[in-house]
Amino acid sequence: MENAEYDVVVIGAGPVGENLADRVVQGGLTAAVVERELVGGECSYWACMPTKALLRSSSALRAARNLPGAREAITGGIDVAAVLKRRDDFAANWLDDGQAAWLDKAGIALYRGHGRLHGEREVEVDGTLLTARHAVVIATGSSALLPDIEGLRAARPWTSREAAAATTIPARLAIIGGGVVASEMATAFERLGSTVTVLARDGVLPQAEPFAGHRVARSLRDVRAGAEVVSVGRDDTVHLTLADGTRLEADELLVAIGRTPNTMDVGLESVGLEPGRWLSVDGTMRVNDWLYAAGDVNHRALLTHQGKYQARAAGDAIVARARGEVVADGPWGRHAATADERAVPQVVFTDPEVASVGLTAAAAEAAGMRIRVVDHDLAAVAGSALHADGYEGQARMVVDEDRRVIVGFTLVGPDVSELLHAATIAVVGEVPLDRLWHAVPAFPTVSEVWLRLLEGYGRRP
Ligand SMILES: Cc1cc2nc3c(=O)[nH]c(=O)nc-3n(C[C@H](O)[C@H](O)[C@H](O)COP(=O)(O)OP(=O)(O)OC[C@H]3O[C@@H](n4cnc5c(N)ncnc54)[C@H](O)[C@@H]3O)c2cc1C
Ligand SMILES: NC(=O)c1ccc[n+]([C@@H]2O[C@H](COP(=O)([O-])OP(=O)(O)OC[C@H]3O[C@@H](n4cnc5c(N)ncnc54)[C@H](O)[C@@H]3O)[C@@H](O)[C@H]2O)c1
């Protein structure tokens with residue numbers, strides 16, 4: 001067996017593994033990453049980028065349709081082939097030469113193949129044994145979860161991968177699930193011409209503020225809340241039977257009910273850990289004194305931006321520990337991913353979009369906070385009316401009454417995604433409401449909703 005030694009060995013070259021390796025190299029250590037598929041991971045080829053490319057053109061078309069003057073310039077419907085071509089470009093045609101070249105330029109060694117722990121500080125990849133002087137990082141991500149439904153696997157359902165890389169648009173698409181993937185894919189495929197049925201056992205976006213899920217559900221043609229699929233069959237088409245006896249036929253079936261960690265076959269048993277589980281970590285992403293787990297695989301926040309934030313914290317912590325320096329792992333410290341617990345921003349690119357950060361009202365209450373909720377109708381803001389005719393939306397701020405700071409913020413409406421970062425800064429900065437009155441939104445923008453929410457809350461005499 002060949003041998004090589006690095007300061008840090010990372011298994012998985014998704015966005016998180018790449019960023020973590022870069023961070024430790026910038027800190028003066030040597031690093032290798034091991035990748036079994038494409039450098040860039042799920043996000044680049046089957047998740048964030050291609051799915052948003054599938055959604056963006058129809059969103060621009062909708063925006064033009066809602067504006068007199070622009071509407072009249074529209075001469076046809078959506079060009080599906082052009083959308084799919086743009087999606088292919090954003091997925092780099094499923095080739096990773098560009099990202100592999102970036103690793104090379106960044107001074108990170110790449111080992112292609114399946115990586116497995118081989119005891120303490122050792123990783124085996126296709127006959128090569130890599131030894132890590134300081135740390136091994138598991139950044140192997142997650143895969144689509146398939147439920148135990150009679151006939152499902154034999155019916156060859158799509159997961160998010162097949163949907164993101166689809167080359168044809170099915171006439172009828174059934175979707176099991178009502179979360180983020182189901183909502184975005186239902187929006188994308190409906191706009192591209194499919195007749196979509198969403199079988200949302202627990203409703204649409206059940207983790208979000210209830211008004212968000214309601215508005216997204218209303219935008220889709222056929223959402224069946226409470227529907228439970230009990231069996232699936234396939235001949236030329238897919239046949240589904242629901243618990244209430246309803247039968248349904250579709251040309252393709254997408255399953256989007258969450259994720260399972262890629263930890264089944266990474267050699268966890270060789271270091272006394274149980275395979276197949278999400279990996280528990282401390283605030284610096286440490287599993288034990290030499291093993292780290294960052295990104296989806298630790299289940300803290302299954303989002304690219306949050307995983308990369310963890311990579312920055314953990315990468316810097318590995319460097320600090322290697323140098324014998326103090327690790328700032330207290331809340332909001334340089335080496336702690338504190339925002340994972342209190343301020344995770346997320347945009348669901350449906351139509352309307354849902355943009356949220358921090359806690360929902362229900363989650364804040366469950367956490368024992370004394371809260372006050374302030375809502376405002378986005379249609380009643382001058383900037384929204386200008387943005388599009390018939391603009392509809394809602395904003396909610398959740399205030400921790402004991403500290404008079406915002407702990408949660410949700411916006412639902414067309415094009416609200418770019419408004420989110422102001423809320424993230426307010427939540428992370430724990431900006432007192434009295435000070436927020438001095439952050440004046442420009443007129444006439446949709447951001448004026450901030451002033452309306454403060455007025456709704458009331459000013460201290
Ligand atoms: C349909 C969909 C859309 C999404 N859209 C968004 C979005 O818009 N915004 C957002 O922030 N997040 C989005 N996400 C979530 C985002 O894709 C993930 O949070 C992100 O990819 C996690 O990055 P990661 O590096 O932890 O894991 P991954 O991206 O999964 O990368 C892990 C890498 O490890 C490799 N690997 C696994 N096991 C091994 C092994 N044993 N040896 C070698 N290599 C291995 C894999 O091949 C992969 O390349 C979406 C997810 C889905 C499913
Ligand atoms: N724009 C974005 O930020 C974006 C887009 C897509 C995915 N993602 C990430 O990817 C992850 C996975 O997304 P997802 O939609 O697969 O998961 P999810 O956790 O968002 O939603 C899964 C849904 O499936 C339902 N469900 C669970 N088991 C079920 C079953 N047996 N039958 C029917 N329904 C069932 C749940 O109630 C839940 O609503 C998310 O955590 C999200 O963070 C992010």
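In the predicted model, helix 3 (residues 48–65) and helix 7 (residues 180–191) pack with their axes 9 Å apart and at an angle of about 50°. The two helices are therefore oblique to each other, and helix 3 passes helix 7 in a left-handed crossing. On the side of helix 3, the contact is made by Thr51, Leu54, Leu55 and Ser58, and on the side of helix 7 by Glu184, Thr187, Ala188 and Arg191. By residue class, this contact comprises 3 nonpolar, 3 polar and 2 charged residues.

Strand 17 (345–348), like helix 7, provides at least two residues of the shell. In total, ligand 2 is surrounded by 22 residues, of which Pro147, Gly179, Val181, Arg201 and Asp202 are the closest. The shell around ligand 2 is made up of 13 nonpolar, 5 polar and 4 charged residues.

Helix 3 is among the elements that give two or more residues to the shell around ligand 1. Ligand 1 is surrounded by 37 residues, and the closest are Gly12, Gly14, Gly41, Gly141 and Gly295. Besides helix 3, the elements that give two or more residues to this shell are helix 1 (15–26), strand 2 (31–35), helix 2 (41–45), helix 6 (160–164) and helix 9 (304–322). The residues around ligand 1 divide into 15 nonpolar, 16 polar and 6 charged.

The protein chain is divided into domain 1 (2–40 + 96–143 + 260–339), domain 2 (144–257) and domain 3 (352–458). Domain 1 and domain 2 each give at least three residues to the shell around ligand 1. The centres of domain 1 and domain 3, taken over C-alpha atoms, are separated by 36 Å.

Several loops hold backbone features of note. Most peptide bonds are trans, and most residues other than glycine have a negative phi. The peptide bond from Asp351 to Pro352 is cis, with omega near 15°; Pro352 lies in the loop that runs between strand 17 and strand 18 (353–358). A cis peptide bond is also found from Phe443 to Pro444, where omega is near -5°. Pro444 is located in the loop between helix 14 (433–436) and helix 15 (449–457). Asn93, a residue other than glycine, has a positive phi, near 50°, and lies in the loop between helix 4 (80–90) and helix 5 (97–105).

Terms used:
Residues numbered from 1 in each chain as written. Chains lettered and ligands numbered in written order. Predicted model: local features only at pLDDT ≥ 70, side-chain atom pairs only at ≥ 80, totals over all residues. Axes fitted to C-alpha atoms, helices over the stretch in contact; angles between N-to-C directions. Helix = DSSP H or I, 4+ residues; strand = E, 2+ residues; numbered from the N terminus. Parallel < 35°, antiparallel > 145°, perpendicular 65-115°, else oblique. Left-handed = near helix turned anticlockwise from the far one by under 90°. Contact = placed C-beta atoms within 7 Å. Nonpolar A, V, L, I, M, F, W, Y, C, P; charged D, E, K, R; others polar. Near = placed C-beta within 6 Å. Domains from an automatic or database assignment.
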